[in-house]
Amino acid sequence: MRIQRKFRQELTTRLLAWYRELAADLPWRRESNPYSVLVSEFMLQQTRVAAVVAYYDRWMERFPDLSALAKASEEEVLRSWEGLGYYARARNLHRIARLLVAEHGGRLPSRVEDLERLPGVGRYTAGAIASLAFGKRAPLVDGNVRRLFHRLFALPEETPTTRLWEIAKLLLPSSRHCAAHNSALMEIGRTVCMPRKADCPRCPVSDLCRSRGGRASSTRKGSPTRCEESAALIVRDGRIWLEPSQNGRYRGFWRLPMFESGRMSNLGEVCRLSYSITRYRVDLVVFRADWREKESGEGRWVSREDLPALPLPTPHRRALDRIARCADLPSALPSPGAGPGEAVAFSPIGK
Ligand code: SF4
């Protein structure tokens with residue numbers, strides 16, 4: 001595809017004018033130093049802007065720079081990220097901070113190829129940091145830009161991703177304007193040329209668009225797949241038994257012991273709640289359980305006062321909060337070694 005120079009100039013002029021006037025006032029834009037761009041880009045991966053804002057402010061207060069982040073323990077880092085999901089992002093951010101402080105004088109590199117060597121930094125994130133934090137002429141394509149390009153140029157569905165990156169590169173203005181240009185593309189895709197509704201009358205590039213008014217995706221998401229998880233609430237002397245999660249998305253977190261559904265049917269259910277993750281709707285059911293068979297297992301007894309400092313998967317924290325609101329844990333639940341029939345042949349899953 002050839003894109004004429006006049007078209008590129010027109011497009012950039014409109015993007016920059018729109019961005020100057022209507023860009024959202026987001027906290028990471030106010031500071032706009034490399035660390036704040038790094039943190040915000042990691043948080044924004046697969047997460048809505050509105051959900052990120054509160055986390056971002058708390059994070060920057062707790063870890064104001066790479067050096068503060070590098071000094072923190074993984075437990076502190078995960079606790080601060082708790083609830084935002086996709087915890088590999090927090091672990092990678094922590095690894096980046098330690099790596100840069102130990103080997104690069106605590107400074108983020110500015111070149112795309114150096115950024116891409118950092119853990120968890122792919123082509124999009126490298127382009128975002130290079131252009132937004134360092135003003136480099138680096139292209140970027142995220143889901144919003146992809147949709148915008150598809151509509152703007154009336155591209156066929158099967159257009160390869162490499163083509164979209166070529167277009168992003170072709171459209172780049174001089175380095176002075178790259179940060180605003182890239183930010184405007186993403187923001188127009190997110191707030192104007194939305195997946196189900198292309199708000200063409202509000203669009204600053206509508207008279208350049210080849211599919212103006214049409215092609216809003218009508219794809220409807222199918223209903224989520226339902227599944228169930230079972231967890232055990234084991235209390236002794238007013239403390240709760242938690243186990244470390246060794247792998248999977250919750251690696252580094254503490255959580256209630258997990259068991260195969262059906263193994264706990266002879267026990268009392270103390271709490272049930274639902275949560276969504278990707279295309280699943282999960283029912284988390286917490287049973288009270290006896291302890292004896294797990295005393296040698298890996299884990300620790302935790303008092304209620306200790307809970308706020310520990311990283312817990314959000315559904316487990318919600319379950320514990322709910323249980324704590326309904327009952328006084330130490331007295332309302334059975335002491336270990338309760339009567340026959342309450343002990344379970346534990347078979348932990350998904351650690
Ligand atoms: S004119 Fe409409 S379809 Fe075209 S880019 Fe703007 S919002 Fe999207």
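**A colleague's note on the structure**

1. Let's start with a pair of strands. Strand S1 (residues 225–233) runs antiparallel to S5, and 2 bridges join the two. Strands here are DSSP runs of E with at least two residues, helices are runs of H or I with at least four, and both are numbered from the N terminus. Two strands count as paired if DSSP finds at least two bridges between them. Within this pair, Ala231 stands opposite Met258 in S5.

2. A word on what you are looking at. This is a predicted model, in which local features need pLDDT of at least 70, side-chain atom pairs count only at pLDDT 80 or more, and totals for chains, interfaces and linings use all residues. Residue numbers start from 1 along each chain as its sequence is written.

3. Now the sheet as a whole. Four strands form an open sheet in the order S5-S1-S7-S6, with mixed pairing. Strand S5 (258–259) and strand S6 (269–277) are at the edges with a single partner strand each, so one side of each has no neighbour in the sheet.

4. A helix joins the picture here. Helix H13 (residues 314–326) packs on the sheet and touches S1, S6 and strand S7 (280–288). Its direction makes about 145° with that of S6; axes are lines fitted to C-alpha atoms, for helices over the stretch in contact, and angles run from 0 to 180 degrees between N-to-C directions.

5. Next, follow S6 into S7. These strands pair in the antiparallel sense over 8 bridges, and Arg272 has Val285 in S7 as its bridge partner. Their hairpin has 2 residues between the strands, and Thr278 takes a positive phi near 45° there.

6. Val49 counts as partly exposed because it has 16 C-beta neighbours inside 10 Å; buried takes 20 or more, exposed 12 or fewer, with C-beta atoms placed from the backbone. Leaving aside neighbours within four places in sequence, Val49 is in contact (C-beta atoms, placed from the backbone, within 7 Å) with Leu26 and Leu44.

7. Finally, the chain overall. The chain has 14 helices and 8 strands, and buried residues make up 33% of its 351 residues.

Methods
Contact = placed C-beta atoms within 7 Å.
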